[in-house]
Amino acid sequence: MSPAQHYVEHYRTLALPGRHLPWLRRLREEAQSRFSEAGFPSPREEEWKYTNVSALEKKLFVPSVGTPTAVADTSALARLRLEDAWSLVFVDGIYSAEHSVTDGLPEGVIATSLANALERYPDRIEGLFNQAVPQDAHGFIAFTIAYFRDGAFVHLPPGKILDKPLQVIHFSTRPDGLSVARNLVALEQNAEATVVETYAGTGDLSYLTASVTEISVGENAGLEHYKLQSETVKGYHFGGIYAREARSARFRQHHLAFGGLLARTEIHAHLGLGAECELDGLFLATGRRHLDTQTLIHHRAPCGTSRETYRGIAADRARGVFSGRIVVHPDAQKTDAEMSNRNLLLSEDAEIDSKPQLEIHADDVKCAHGVTVGQLDPEAVFYLESRGVDEPTARNMLTFAFANEMVEKIRPSSLNRLVQDELLSSLPQSDIRKDWL
Amino acid sequence: MSATAKTLDKLIKKEYAPGFVTDLEADTLPPGLNEDVIRAISAKKNEPEFMLEWRLEAFRHWLSMEEPKWAFVHYGPIDYQAISYYSAPKTREPPKSLDEVDPKLLETYNKLGIPLYEQERLAGVAIDAVFDSVSVATTFKEKLAAAGVIFCSMSEAIQNHPDLVKQYLGSVVPPGDNFFAALNSAVFSDGSFVYIPKGVRCPMELSTYFRINAAKTGQFERTLIIAEESSYVSYLEGCTAPMRDENQLHAAVVELVALDNAEIKYSTVQNWYPGDEEGRGGIYNFVTKRGDCRGRKSKISWTQVETGSAITWKYPSCILRGDESVGEFYSVAVTNHCQQADTGTKMIHLGKNTKSTIISKGISAGRAQNSYRGLVKILKSAENARNYTQCDSLLIGDRCGAHTFPYIEVKQPTAQVEHEATTSKISEDQLFFCMQRGLSAEDAVSMIVNGFCKQVFKELPMEFAVEAQALLGISLEGSVG
């Protein structure tokens, strides 16, 4: 049985949310036939040149049935939780009210599960759903449309400001489990929020998480969005973050990837007049991990500004992939776009592939990109060794320093600490957490 | 309209100077492509059996291939059956010296600004002139022969040096390498062959002028340069084609082989007919160029100035196989009106301590699309490999596009790879600065653009640097939007 058939069979009997909505039913049917036809993307597609997901075709993941399973190992979940934050928790792709904290949200702000929202605010969702994903969506996106079980729905009315981060946790607990989520984050004009998406699982389970987040940032609104991908060592992850920015909107995305066996995140942003976009990212690929980050920025209107700063580290037998594309459309004069991608290759068996791209159709623009791939500076290692630090520690310290510059860009302090811990525990060997940290 | 805009307008409207047709009787095969056509080409050239087999094998492979679609260029389908694959000017006897060459032909070259006589007198450049598909005259043969250098047309090489051809032809670009290379391998009509023996520094710069003349013919030339141990050669190539409304296909293959300590410097000025302002006509320039640094400390350097062709699809590459070998790529690509260029390079690092440098300058005006596409691949064996890449684009006008698509693949931690790219237009400040010093807008722009391209021009041999600057003048001076 082909994987597409497998999933069609499995989902036939499942009660997917929003069945009562004709527009959603139609979208799902279209997506299902597209997925049945094309399946998951193949490396023959230019955008998937460096990431081969054929392993997924051999493994067949099974969605959970019925109500959310109880989390047996609550400590793993507790570790990820940010103090002083609201949270929406999804266990195996299904909303768990028990683990979520939504008390005290400002009036008018909606933070709930998408399944719930489809019952209560179907019209609002119709206007947002599938609006930001790419037109020629690939197999994974079609897959999420066809089979999403749940996801977060966050809506801020005009002028509302969240003074604490809102955390969305997707947690996997079942072997060979499948979680398919669609998240929607919409900020009306002048609203401001910080949203943290966190992906993780228990132990060293193998599972697949496919999660698409659509973001709409209204006029002069500001969204700070973080994604921490900390899946298990055997986990498969596909994540898409697709944002639309209205006039003078500000969107800041920071992507931190440490986990998963095969993980890919796509981050797209469409900029309106005078909009700002800042994309940052860090990946640390150890073991046999394959971590892929793809960014695409569309400057569709004049005077937009975008800044991209990505750093990657590949050690052991891991492979890190980065592709960043900036498209300046014909009317987007006075665009100012910069992209920087720096990579550290720590082992003979590791690989880094980078593909920065500029596609420019307007003349009065400033666009630049830079990429470097290299190893740790031997002189810096020697300097530390001459001060009595042994070589593995010296290398770890320098690697940590390279990565920590990206960690420092994280504003919420509790997330900052969490990511730093994650980074330190992923570093190849020896403990560098000494008194200097 | 401002003064600068007028200047720009005037320059952009400048007509294609080499766009004339020489009326010559030609020996042309009817359009179409099948095994018989290939047999006919091979027979006309009186080739040995192994060449025919080689061509047929390439053709059969080509049939199974699909035309590549990944480049950032758009054009209608090409009817490969509507092209004539062989065209040669008719002469009673093959010319023994320049005096025997058809005067009309020589006049054509004079119009192009490469008078053979003058070249001969000026000393320094030996020209193997290719008129459509066969080589008409080769100068300086004796002087080169004294040094042991073989410089002749491909057809002659197949007749006189079959062993060398057998050994090296297709060893860098295999017949089935890609769609256009396979097509070329099947039907190539002529080209240049250069062999520099061990320890010889070629006494002069070698040059070939290619020119597509007959209508409805494709030009499929094949060039092979072999530099034996510790030798050096500088090779110059220039291209022009007459003006025609229909599109013509040009699919060439160039192979370079550098052995231990050898150095090959390959310079191109490509000025094929780019089509008119509306994008009618023009050459489809789909070229495969590749150099193989086989030996230790060998070096291959590509320098190209691409101003012509309706569509350019060209990636001169280096395989850095030998330890400590060096690859270089310097390029200026200019597109105007409706031209489309997708050009760049590939640097494949295999040997230890290999180095590569890529400097690419793209200039886009009118409604043109100009893309840099490059690959830097560092394999596991390439310890301490080093690459530096710089791609700059200049935009002139708000309807053109400039794109950068680099691919960087690194599998060796000791490698150091750097890539940077910028895109901008000529700044008003720079222009103002020059003009308030008394320069005309035209001169100011010319100066700035020349400055933008300087890093590449300085790599060109003298003879070409002058021509390149003149070409740039025709194609893109007055770079103010």
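**Helices, strands and a chain contact**

Modeller: The axes of helix H2 (residues 22–38) of chain A and helix H7 (residues 139–147) of chain A come within 8 Å and cross at roughly 140°. That angle makes H2(A) oblique to H7(A), since angles under 35 degrees count as roughly parallel, over 145 as roughly antiparallel, 65 to 115 as roughly perpendicular and the rest as oblique. This is a predicted model, in which local features need pLDDT of at least 70 and side-chain atom pairs count only at pLDDT 80 or more, while totals for chains, interfaces and linings use all residues. Residues are numbered from 1 along each chain as its sequence is written, and chains are lettered from A and ligands numbered from 1 in the order in which they are written.

Biologist: Which residues of H2(A) and H7(A) meet?

Modeller: Two packed helices are described by the angle between their axes and the distance between the axes. Contact, for its part, requires C-beta atoms, placed from the backbone, to lie within 7 Å. Here A:Leu27, A:Arg28, A:Ala31, A:Gln32, A:Arg34, A:Phe35 and A:Ala38 in H2(A) meet A:Gly139, A:Ala142, A:Phe143, A:Ile145 and A:Ala146 in H7(A).

Biologist: Which way do the residues of strand E2 (residues 86–91) of chain A point, and are they buried or exposed?

Modeller: In a regular strand the side chains alternate between the two faces of the sheet. In E2(A), A:Trp86, A:Leu88 and A:Phe90 point one way, A:Ser87, A:Val89 and A:Val91 point the other way, and all are buried (20 or more other C-beta atoms within 10 Å of a residue's own, with C-beta atoms placed from the backbone).

Biologist: With which strands does E2(A) pair?

Modeller: Strands pair if DSSP finds at least two bridges between them. E2(A) pairs in the parallel sense with strand E6 (residues 166–172) of chain A over six bridges, where A:Ser87 stands opposite A:Gln167. With strand E3 (residues 94–95) of chain A, E2(A) pairs in the antiparallel sense over two bridges, and A:Phe90 stands opposite A:Tyr95.

Biologist: How many residues does each chain give to the contact between chain A and chain B?

Modeller: Chain B gives 32 residues and chain A gives 31 residues. Across the two chains, six bridges join strand E19 (residues 351–360) of chain A to E23(B) in an antiparallel run, with A:Ile352 opposite B:Val410. Within chain A, E19(A) also pairs with E17(A), in the parallel sense over 10 bridges.

Notes. Contact = placed C-beta atoms within 7 Å. Helix = DSSP H or I, 4+ residues; strand = E, 2+ residues; numbered from the N terminus. Axes fitted to C-alpha atoms, helices over the stretch in contact; angles between N-to-C directions. Buried ≥ 20, exposed ≤ 12 C-beta atoms within 10 Å, placed from the backbone.
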